[in-house]
Amino acid sequence: MAHGHLIPFLALARQILQITNFTITIATTPLNTAYLRSAVASDPTLSSAASESSRLRLASLPFNSSDHDLPPSTENPESLTPNQVITLFHSATALESPSHRLVANIVAEEGRPPICIISDVFHGWATRVAENIGTVNVSFTTCGAFGTAAYMSLWQNLPHKSTDSDEFPVQGFPDSCRFHRTMLNQFVRVADGTDPWSRFFKTQLALSLGSFAWLCNTTEQTEVLGLEVLRKYTGIPVWSIGPLLPPAMLNSNSSTLTQHSGRESGISTQKCIEWLDSKPNFSVIYISFGSQNTIGSSQMMELAKGLEQSGKPFIWVIRPPVGFDPKGEFKSEWLPEGFEGRISDSKQGLLVRKWAPQLEILRHKSTAAFVSHCGWNSALEGMSQGVPIIGWPLVAEQAYNAKMMVEEMGVCVELARGLGSVVTAEEVRKVVELVTVEGGEMKRKAVEIGERMKAAVREEEGRKGSSVKAMEDFVCAILSAAGERRRAV
Ligand code: UDP
């Protein structure tokens, strides 16, 4: 139940529809269904599958957040306190019965069970629905392989609890790949195995490990170690079918970019592109902490000063600092005195409130670097366009994504980690200088990784990229499992 999960699910549906004649039903809660409906309407492939052939259906599962001690109309983690977030996670397990009823209705209509259920890795209960209805469950992790494996192993084994040392090995990873205590998000850091976060992740991840197979939003050639670890850890087939991004991000022949956010934009795409057009190639720093995160007020001050001192043009998606209503008005007092006026007069910076057209920004030739919280969608979007990343991981598996992008890929430099880190304007200025060197090593590597991602989803002259093949293997495997089930009856 989060933007960063729903969008990859839609992208996955688009890919499956393109290579099969399957009918897909996407089931989620009412407000999330409404959001998906508008996203489908803005995507030509999906909307024709939904309206003309009825091959794409959206099913709204009954869900009332007030029944779970959550504020009314809460169906995603935005603007929630940590206690409310974990309550929301637990509340999702109440979707098991309605999901079962929905699939039972499909069985009654079609006269046979669905070929498979694809569930979010955090909704491990879907394995029970699949089993009860006589089909298989495939878990889909919308994160990368390295981040997923690290997240899972840390929650399941809590390795940091059995050592006082700051650096420690994590089960499943080679001994040389050590993790640091500061990489742990605030919940796993203090987890004891019985707290609500541990209970949720331990249960749901263990159930997901009982799936028929896993799908991962990544590519074979970019996440070699991550996939090796994930495959060993899960012990079941893992198909890497990513990057799941709009076609225009992966194919230069496809120029129309459809990205539906359902959010109130802080700037029109056209104005944003015009501003980028007015800047030299490879000069602009883009700063965004994803769909729901923000940084602390002193960090915000230093980031602003450092950006201004760097002299580089920048686009900053800005929202109130931690501790303030994330949807509330942004106050100038959170920035250095006179900052907004100066950067607007000099045209050095563009502050975007609420929501920016991120994909358009990342694929623009003026964009030089991406200050990112390393959420997996943002990471894929930046890397696919060959944009080096200045990492500032905040929560969830973001620090593991950053570690992998720094150590395995060489496309990222970490500026800060978490909300507690002290960042100075001078550090910001220096990192911007480091990453925006023309012809620099990080840029070269980012372009190389982007090319590999594009090659993985390409199919031309009979040659198929690894993700295209993985998608076909997945389809063959679920069809053959369905055939075996029918024969066994
Ligand atoms: N995004 C956007 N404009 C914004 C902020 C975010 O389009 O101003 C999109 C971004 O392109 C990405 C998603 O929101 O697709 C964020 O997902 P990610 O996994 O990076 O982070 P999360 O929001 O889940 O923490």
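Where is T218 found? I found T218 in the loop between β7 and α10. I took helices (H or I, at least four residues) and strands (E, at least two) as DSSP runs, numbered from the N terminus.

Two notes on the source. Residues are numbered from 1 along each chain as its sequence is written. The model is predicted, with local features needing pLDDT of at least 70, side-chain atom pairs counting only at pLDDT 80 or more, and totals for chains, interfaces and linings using all residues.

**Entry: T218**

I checked burial first. A residue is buried if 20 or more other C-beta atoms, placed from the backbone, lie within 10 Å of its own, exposed if 12 or fewer, and partly exposed in between. T218 has 29 other C-beta atoms within 10 Å, so T218 is buried. I then looked up contacts (C-beta atoms, placed from the backbone, within 7 Å). Leaving aside neighbours within four places in sequence, T218 touches G144, A145, E223, G226, S240 and G242. D120 lies 98 residues from T218 in sequence and 15 Å away in space, C-alpha to C-alpha.

**Entry: strand β7**

I went back to β7, residues 213-216. A213 and L215 point one way, W214 and C216 the other, and all are buried. In a regular strand the side chains alternate between the two faces of the sheet.

Next, the partners; strands pair if DSSP finds at least two bridges between them. β7 pairs with β4 (residues 136-141) in the parallel sense over four bridges. Here F140 stands opposite L215. β7 and β8 (residues 238-240) run parallel and are joined by three bridges. W239 in β8 is the bridge partner of L215.

**Entry: helix α17**

I compared length with expectation, which is 1.5 Å times one less than the number of residues. The 12 residues of α17 (residues 398-409) should span 16 Å, and the end C-alpha atoms are 15 Å apart, which agrees. Nine of the 12 residues are buried, including Y400, K403 and M409. Their cover includes α7 (145-157), α10, α16 and α19 (441-456). Just after α17, G410 takes a positive phi of about 70°.

**Entry: ligand shell**

I listed the 20 residues around the ligand (C-beta atom, placed from the backbone, within 6 Å). G4, G290, S291, G375 and S378 come nearest. α1 (3-19), α15 (358-362) and α16 (376-384) each give two or more residues to the shell. α16 gives the most, with four.

Conventions:
Two residues are in contact if their C-beta atoms, placed from the backbone, lie within 7 Å.
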